[in-house]
Amino acid sequence: MHSLVQQRCPNILALWSLILLAAACAPQERRADITIINGAEPESLDPAIVTGIPEMRITRALFDGLTRLDPRTAKPVPALAERWDISPDGLVYTFHLRSNAVWSTGEPITSADVLWSWLRTLNPATGSDYAGQLFWIQGAEDFHHGRVPAEQVGLRAPDPRVFQVRLTAPVPFFLDICAFPALAVVPGQVIERHGDRWLHARPLPVSGAFQLGAWRLNDRVRLVRNPRYWDAANTASEIIDVLPIGSPSTALNLYETGAADIVWDKDLVPAELLDVLAKRPDFHTFDFLGTYFYRFNVTREPFNDARVRLAFALATDKAELVRKLLNSGEKPAFHFVPEATANYDPPEGVPCNPLRARELLAQAGFPEGKGFPRVHYAFPSAAGASGNMARKIAVELQQMWRETLGVTVELRQIERKVFYSAQSRLDFNLSASSWVADYNDPNTFLDLFTSSSGNNRTGWQNAEYDRLIREANLQTNDTARIELFRRAEQLLVNEEVPIVPLYFFAGFNYFDPSKIAGIHQNPLDEHPLQFIRRIRESAMAAGAPESSSAQSAF
Amino acid sequence: MYFLRRIGFAIPLLLLISFLAFVLVRMAPGGPFDRERAAASPEVERQLKQKYRLDEPLWKQYGYFLGNLLRGDLGPSLRYRNHTVNDIVAEALPVSMLLGMLAFGFALGVGLPLGFFSAVHRGRWQDWAGSFAALLAVCIPGLVLAPLLVVTVAIKWRLLPVGLWGSPWHAVLPTIALGLFFAGKVARLMREGMLGVMQSEFITTARAKGLGEHQVMLRHAFRLAVLPVVSYCGPLLADLLTGSFVVENIFQIPGIGTFFVNSMVNRDHTMTVGLVLLYAVLLVLLNLLVDFIHAALDPRIRYA
């Protein structure tokens with residue numbers, strides 16, 4: 001009977017084997033030298049448009065800036081510009097481009113290319129969320145708002161190899177900004193010809209260490225060494241595959257079975273395994289410039305009263321929160337700007353003081369929480385470790401407020417897009433938040449809460465705070481600048497309290513240091529791909545790592 | 001004639017589906033450009049909305065959408081800004097279709113013989129074993145089966161890759177994870193169908209004619225018994241071809257299923273509407289195909 005059935009189903013089976021055969025005949029690609037698990041599928045690889053760290057890691061490999069970040073210190077070092085002169089008042093930067101800086105297609109990279117790229121980022125039609133990074137340039141903000149023509153922006157290209165920038169303030173972090181993806185040099189002619197789909201053009205001229213070998217959605221971005229890069233001699237790998245991975249368990253499984261060498265997205269660690277993983281020798285954690293905090297909506301009762309806000313801040317035991325929930329190197333945050341930030345010396349911040357918290361709440365008219373209105377704490381839902389953590393933190397905070405203040409706060413987990421939309425419209429009472437540094441300077445954090453900032457999202461406006469931030473950025477004396485920022489931060493976290501910092505992020509990645517070299521830990525979590533390489537001998541001998549904990553990944 | 005009329009009905013149906021999808025995704029709170037970090041200025045958001053025509057009245061937007069649709073253009077993706085929805089469908093759909101066809105082949109290849117085998121051994125231990133296997137397959141969803149396969153076959157025994165896509169080896173586990181449930185369903189349908197048909201009078205007639213048992217079962221009984229399976233194949237194939245979020249996500253397969261689900265989370269309106277429409281078209285076409293096959297298999301069915 002069985003054999004007869006098989007005789008009768010041959011068409012189906014034949015079809016199936018035909019498909020299998022077709023799959024088998026698909027061309028096999030060369031294996032990459034390094035395979036990196038990088039996070040979600042890139043939204044874009046256009047350096048002017050990308051906003052996520054995973055995307056920026058790829059665009060930095062494709063498109064170089066006038067400066068780039070040193071892999072050890074994340075400080076700006078010469079890239080397309082081999083040197084620069086800064087005027088004594090700190091306002092005029094004259095960059096000298098390298099004579100050997102060429103596109104991957106061979107044409108020289110000139111100051112006109114830089115000019116075109118920067119104006120493109122500034123143009124609101126490009127839709128760059130980071131156009132604001134360029135607002136330190138004279139006339140840039142007015143140009144962005146269509147008030148002045150491009151010629152009035154403080155950018156000049158007097159010679160193909162000389163690029164001059166005039167700033168509105170002598171900010172000490174301008175060279176850091178020059179290394180930022182939004183200021184990378186991109187191929188103008190190709191963009192003008194192909195529009196939004198310019199990254200699909202072939203050949204695609206790139207200014208960075210790698211060319212875009214392939215970009216297959218949800219499969220991989222393949223980066224191939226650019227032999228014409230000015231520093232090509234120091235590019236350590238021929239081919240790097242960057243994988244977008246949707247599920248933390250899959251990321252870990254690929255790593256454990258040797259299909260990937262590096263995992264460096266925090267959301268791609270199975271939350272329930274974090275404790276175990278954090279103890280392994282291939283798990284690396286380091287200080288990283290990011291802060292988790294919550295925002296008050298100061299336009300609504302009861303948080304329009306600074307005493308109530310301070311009471312909540314004093315009732316939040318950050319050390320306990322970190323001890324209980326966070327175990328991969330995070331530190332409690334009593335102030336907003338992380339300690340590791342350059343050019344800064346933060347104030348002491350708010351301690352936990354339940355007694356004082358209750359006093360303040362009573363003064364505001366809610367003794368022991370009596371009569372306190374119904375309020376809610378909103379936090380976004382997300383897949384992976386971060387969504388999980390946001391929920392745990394919310395529960396912990398709710399309990400602290402109930403125990404210390406006698407106040408019941410409702411928790412609302414809200415879908416991501418709805419959450420951010422509500423946050424920007426000030427449709428919340430308390431809202432979970434985080435911020436990661438764009439460059440290594442306190443301004444990247446403190447600038448957030450100026451009255452005009454689109455990222456303020458608290459409704460808090462304070463003329464004194466705005467003045468302090470403005471003056472700090474006009475200050476050329478380092479000590480005086482630090483003092484102004486300190487005073488501003490004190491106002492922010494100790495007195496006016498539109499936000500309460502909870503903890504400082506810790507960066508993390510896992511890779512086997514006996515196999516992979518060239519990754520250095522730095523406060524911006526910045527790991528230029530061109531310096532990452534495989535250590536040959538041991539890679540051959542060791543094979544795939546033994547999986548001890550990974551098997552319980554589900 | 002009948003089929004022309006069916007196609008004639010399908011067009012307003014697809015229009016209605018596209019309209020509902022179009023309106024519903026835009027009614028959901030939160031938009032494609034709401035994110036943790038605000039745009040550089042309100043001007044950037046305004047220009048983006050203008051560029052993607054999100055600032056115009058809904059009926060006008062729908063009009064543009066239909067206009068583009070006539071030219072076969074589903075519009076730009078609002079999240080993957082270097083890609084159009086067509087780009088993404090062209091890249092991801094073939095992957096889902098290949099995996100779907102493999103799982104479909106697996107479901108039929110395992111399900112049909114299993115159901116047939118159980119039915120002809122009705123009441124004996126072979127029937128019990130076969131039915132139990134089919135029931136087990138139906139009871140384990142891909143969400144559970146896929147991780148189990150990964151942990152045992154890929155991690156413990158290191159026989160097959162844990163995920164990714166590219167070689168035939170990468171397709172084996174996802175095919176099983178996706179197809180086993182349907183194999184169970186097909187087996188059950190096949191068994192029921194056979195049991196029903198085996199009691200029909202024409203089977204008795206065939207036996208009375210002196211035909212061999214094999215011939216009776218395969219030539220006469222099978223043809224009719226397989227009809228419920230054929231009806232089921234239309235929606236099944238549409239389901240399999242458009243990708244499975246769970247299986248694609250667990251094995252990191254670059255198919256269309258993950259894009260479908262994520263497009264809703266990301267409020268990527270154009271992508272959601274495009275993929276809903278694609279799914280609807282496939283469903284209508286495959287149901288039509290099923291009716292053709294019915295007519296071919298069952299001599300009692302004639303379409304005027």
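**Figure 1. Salt bridges link chain A to chain B in this predicted model.** Across the interface of the two chains, the rule finds seven salt bridges.

**Figure 2. Helices and strands of chain A contribute to the side that touches chain B.** Several elements of chain A give two or more residues to this side, among them helix H1 (2-8), strand E8 (210-216), helix H8 (248-256) and strand E16 (430-436). If you are looking for the element that gives the most, turn to H2(A), with eight residues. Sorted by class, the residues on this side of chain A divide into 34 nonpolar, 23 polar and 16 charged.

**Figure 3. The contact between chain A and chain B takes residues from both chains.** Chain A brings 73 residues to the contact and chain B brings 65. About 6,300 Å² is buried between the two chains, and carbon and sulfur atoms give 59% of that area.

**Figure 4. Now for a look inside chain B, where the domain assignment gives two domains.** Domain 1 covers residues 2-70 and domain 2 covers residues 92-297. Taken over C-alpha atoms, the centres of these two domains of chain B are separated by 34 Å. Where they meet, 21 residues of domain 1 are in contact with 14 residues of domain 2.

**Figure 5. Carbon and sulfur atoms give 80% of the area buried between the two domains of chain B.** That buried area is about 1,500 Å². Which residues of domain 1 lose the most area to domain 2? They are B:Phe3, B:Leu14 and B:Val25, together accounting for 34% of what the domain 1 side buries.

**Figure 6. B:Arg6 and B:Asp291 meet through their side chains in a salt bridge.** The N to O distance in this pair is 2.3 Å. Across the interface of domain 1 and domain 2 of chain B, the rule finds one salt bridge and two residue pairs in polar contact, both at pLDDT 80 or more. On the side of domain 1 that touches domain 2, helix H1 (2-27) and helix H3 (58-70) of chain B each supply at least two residues. H1(B) provides the largest share, 13 residues. By class, this side of domain 1 has 16 nonpolar, three polar and two charged residues.

Definitions and conventions
Residues are numbered from 1 along each chain as its sequence is written. Chains are lettered from A and ligands numbered from 1 in the order in which they are written. This is a predicted model: local features need pLDDT of at least 70, side-chain atom pairs count only at pLDDT 80 or more; totals for chains, interfaces and linings use all residues. Side-chain values use heavy atoms; hydrogens and water are left out. Domain bounds come from an automatic or database domain assignment. Contact means heavy atoms within 4.5 Å. Buried area is the accessible area (1.4 Å probe) that two parts lose on being put together, summed over both. A salt bridge is a side-chain nitrogen of Lys or Arg within 4 Å of a carboxyl oxygen of Asp or Glu. A polar contact is a pair of N or O atoms within 3.5 Å; within protein, one must be able to donate a hydrogen and the other to accept it, and residues adjacent in sequence count only if both atoms are side-chain atoms. Helices (H or I, at least four residues) and strands (E, at least two) are DSSP runs, numbered from the N terminus. Ala, Val, Leu, Ile, Met, Phe, Trp, Tyr, Cys and Pro count as nonpolar, Asp, Glu, Lys and Arg as charged, and the others, Gly among them, as polar.
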